[in-house]
Amino acid sequence: MGKIFASSDLHFGHDREFLWGPRGFRSSIEHDEAIIANWNSVVEPEDIVYVLGDLMLGDNEYGKSCVERLNGTIRLIRGNHDTDRRWLEVYPTISNVELIGWADMIHYRKYHFYLSHFPTNTANIEAESLHQCTLHLFGHTHSPARFREDYPMYYNVALDANHNTPVLLDDIIDRMKEKVQECISYL
């Protein structure tokens, strides 16, 4: 088995400057090509990527052609732009996409992750370790901040917060541990 990554809000085909402009691109085509290149620079064909919503928007054939160029298996959690029947009908026709639903739980290295497009409260800061928390991975906000409200157990996997590249689950765990230490140092 390969590595496990997470990402969200790829928005292939979404031709709105408010999306691709803040990410540093001059057009949606330039954005989409860079996302594909960044993705394939870290994701191998045997890897799994949980995409937490908003995979594509706009023309289905164009979006499908972008997604088919991505390495790995995509396990898609639905986002607010994944509600239209047009996209829900096309996702099952893309060979590297598995449509999961609105949320999922995964267990990895004795950590428990709740995956959803929308930020959700899943843990208390009083837990003694990250192993005791339900850690939450989310997207949707288009914020460059990796941590929601600076809490170590809520990590934003959206492209906007991660240099337009999927994030390795092991790196997320390391960043969460670093954030815990940073929070402790404030006490």
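Is Arg23 buried or exposed? Hi everyone, let me start there. At 8% relative accessibility, Arg23 counts as buried, where buried means under 20% relative accessible area, exposed means over 50%, and partly exposed lies in between, with a 1.4 Å probe and protein chains only.

Before going on, a word on the model. It is a predicted one, so local features need pLDDT of at least 70 and side-chain atom pairs count only at pLDDT 80 or more, while totals for chains, interfaces and linings use all residues. Residues are numbered from 1 along each chain as its sequence is written, and side-chain values use heavy atoms, with hydrogens and water left out.

Back to Arg23. You will find this residue in the loop between helix H1 (17-20) and helix H2 (28-42). Helices here are DSSP runs of H or I with at least four residues, strands are runs of E with at least two, and both are numbered from the N terminus. The side chain of Arg23 makes a polar contact of 2.8 Å with that of His31, and another of 3.5 Å with that of His142. By polar contact I mean a pair of N or O atoms within 3.5 Å; within protein, one must be able to donate a hydrogen and the other to accept it, and residues adjacent in sequence count only if both atoms are side-chain atoms. Setting aside residues up to four places away in sequence, Arg23 also touches others, including Asp9, Leu159 and Asn164; contact means heavy atoms within 4.5 Å.

His31 is one of the buried residues of H2, along with Ser28, Asp32, Ala34, Ile35, Ile36 and Trp39. Their cover includes H1, strand S2 (48-52), helix H3 (60-68) and strand S3 (73-77).

His142 sits in the loop between S7 and S8. This residue has a positive phi of about 55 degrees although it is not a glycine, and it is partly exposed because its relative accessible area is 29%. Glu149 belongs to the loop between S7 and S8 too. There, phi is positive at about 50 degrees, again without a glycine, but Glu149 is exposed, with a relative accessible area of 59%.

Now the sheet. Four strands form an open sheet in the order S5-S6-S7-S8, with mixed pairing. Its edge strands, S5 (103-108) and S8 (154-156), each pair on one side only, and the twist averages 25 degrees from one strand to the next. S5 and S6 run antiparallel and are joined by six bridges; two strands pair if DSSP finds at least two bridges between them. Ile106 has Phe113 in S6 as its bridge partner. Helix H5 (residues 169-185) packs on the sheet, touching S5, S6, S7 and S8, and its direction makes about 115 degrees with that of S7. Axes are lines fitted to C-alpha atoms, for helices over the stretch in contact, and angles run from 0 to 180 degrees between N-to-C directions.

Last stop: Leu130, in the loop between strand S6 (111-116) and strand S7 (134-138). Leu130 is buried, at 10% relative accessible area. Beyond its neighbours within four places in sequence, Leu130 is in contact with Tyr111, Leu135, Met176, Lys177 and Val180.
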